[in-house]
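Here is a friendly walk through one protein chain, from its overall layout to a few single residues. Please keep the model open beside the text as you read.

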Amino acid sequence: MSGSAGRVEIDTPAVADGPELYRITRDSGVLDVNSPYAYLLWCRDFATTSLVARSHDGVVGFVTGYVRPDAGDTLVVWQIGVDAALRGHGVASRLLERLLDTASRDGIRHLETTITADNAASINLFSALARDRGAPLEVSPLFPAELFPDSHIGEDLYRIGPFAADGATAHGTLAASVS
């Protein structure tokens with residue numbers, strides 16, 4: 001895929017985007033790959049808490065999430081992936097910022113995700129989000145390696161928030177538009 005991050009549009013996923021989410025995840029080489037069926041369900045059942053990045057080439061990135069059933073002010077980011085051609089161009093940050101802007105209008109005050117200790121890119125991404133939003137970041141063990149039936153390493157919980165109720169950041173109010 002070619003193109004620049006400047007020509008990427010952020011949008012709500014459609015069911016037809018599911019195969020592209022699967023492809024990006026599979027091709028990443030680092031994300032846990034779910035079944036193709038799971039990505040279709042994400043695009044149908046969690047479209048309001050998920051986003052895709054589109055270019056003229058089609059879907060080039062995504063973020064999937066859900067509101068925690070036992071904590072209605074907490075958005076859990078399940079996966080975030082960007083096509084290899086656009087990694088390092090800010091697409092993941094733009095997806096997260098837009099998702100959080102939208103979610104904060106719906107009462108979300110915290111964001112949670114899990115990250116393995118060896119995933120420097122995700123650690124940097126979510127640490128920068130906390131810093132840019134002027135929000136506290138707490139890191140704690142959540143799922144130790146021995147809970148996984150395979151050779152998966154442990155997952156740490158990254159909890160960011162509370163965010164300001166008005167979407168304000170340490171640098172002012174975030175603009176909701178992304179072109």
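Helices (H or I, at least four residues) and strands (E, at least two) are DSSP runs, numbered from the N terminus. Leu 40, for instance, lies in helix H2. This is a predicted model, in which local features need pLDDT of at least 70 and side-chain atom pairs count only at pLDDT 80 or more, while totals for chains, interfaces and linings use all residues. Residues are numbered from 1 along each chain as its sequence is written, and side-chain values use heavy atoms, with hydrogens and water left out.

**Overall layout**

The chain has 4 helices and 9 strands. Read from the N terminus on, its elements run β-α-α-β-β-β-α-β-α-β-β-β-β. Of the 179 residues in the chain, 43% are buried; buried means under 20% relative accessible area, exposed over 50%, and partly exposed in between (1.4 Å probe, protein chains only). With contact meaning heavy atoms within 4.5 Å, residues 24 or more positions apart account for 65% of the chain's contacts with a separation of 6 or more.

**The nonpolar cores**

In soluble globular proteins, nonpolar side chains tend to be buried together. A nonpolar core here is a set of buried Ala, Val, Leu, Ile, Met, Phe, Trp, Tyr and Cys residues joined through side-chain atoms within 4.5 Å. Which residues have the most contacts inside the largest core? They are Val 63, Leu 95, Leu 96, Leu 111, Phe 126 and Ile 160, in a core of 30 residues. Two or more residues each come from strands S2 (51–55), S3 (58–67), S4 (74–82), S5 (110–116) and S7 (155–160), and from helices H3 (91–105) and H4 (120–133). H3 gives the most to this core, with 7 residues.

Leu 96 touches Val 63, Val 77, Ile 80, Leu 125, Phe 126 and Leu 129, not counting residues up to four places away in sequence.

**Two helix pairs**

Two packed helices are described by the angle between their axes and the distance between the axes. Axes are lines fitted to C-alpha atoms, for helices over the stretch in contact, and angles run from 0 to 180 degrees between N-to-C directions.

| Pair | Angle | Axis distance |
|---|---|---|
| H1 (residues 18–28) and H2 (residues 36–45) | roughly 125 degrees | within 8 Å |
| H3 and H4 | about 50 degrees | 11 Å |

Angles under 35 degrees count as roughly parallel, over 145 as roughly antiparallel, 65 to 115 as roughly perpendicular and the rest as oblique. H1 and H2 are therefore oblique to each other. In their contact, Gly 18, Pro 19, Leu 21, Tyr 22 and Thr 25 of H1 meet Pro 36, Tyr 39, Leu 40 and Cys 43 of H2. By class, this contact has 7 nonpolar, 2 polar and no charged residues; Ala, Val, Leu, Ile, Met, Phe, Trp, Tyr, Cys and Pro count as nonpolar, Asp, Glu, Lys and Arg as charged, and the others, Gly among them, as polar.

The angle between H3 and H4 is about 50 degrees, and that makes H3 oblique to H4. From H3, the contact takes Ala 92, Ser 93, Leu 96, Glu 97, Leu 100 and Asp 101, and from H4 Leu 125, Phe 126, Leu 129, Asp 132 and Arg 133. These residues divide into 6 nonpolar, 1 polar and 4 charged.

**A closer look at single residues**

Within H1, Gly 18, Leu 21, Arg 23, Ile 24, Thr 25 and Ser 28 are buried. Their cover includes H2, S2, S3 and S4.

Leaving out residues up to four places away in sequence, Leu 40 touches Val 15, Gly 18 and Pro 19. Leu 40 and Leu 21 are 19 residues apart in sequence and 8.7 Å apart in space, C-alpha to C-alpha.

Thr 64 is found in strand S3 and is buried, with a relative accessible area of 1%. Leaving aside its neighbours within four places in sequence, Thr 64 is in contact with Leu 21, Trp 42, Thr 49, Ser 50, Val 76, Val 77, Trp 78 and Gln 79.

**Backbone details**

Most residues other than glycine have a negative phi, and most peptide bonds are trans. H1 is followed by Gly 29, whose phi is positive, near 75 degrees. The peptide bond from Gly 161 to Pro 162 is cis, with omega near 10 degrees. Pro 162 lies in the loop between S7 and strand S8 (168–169).
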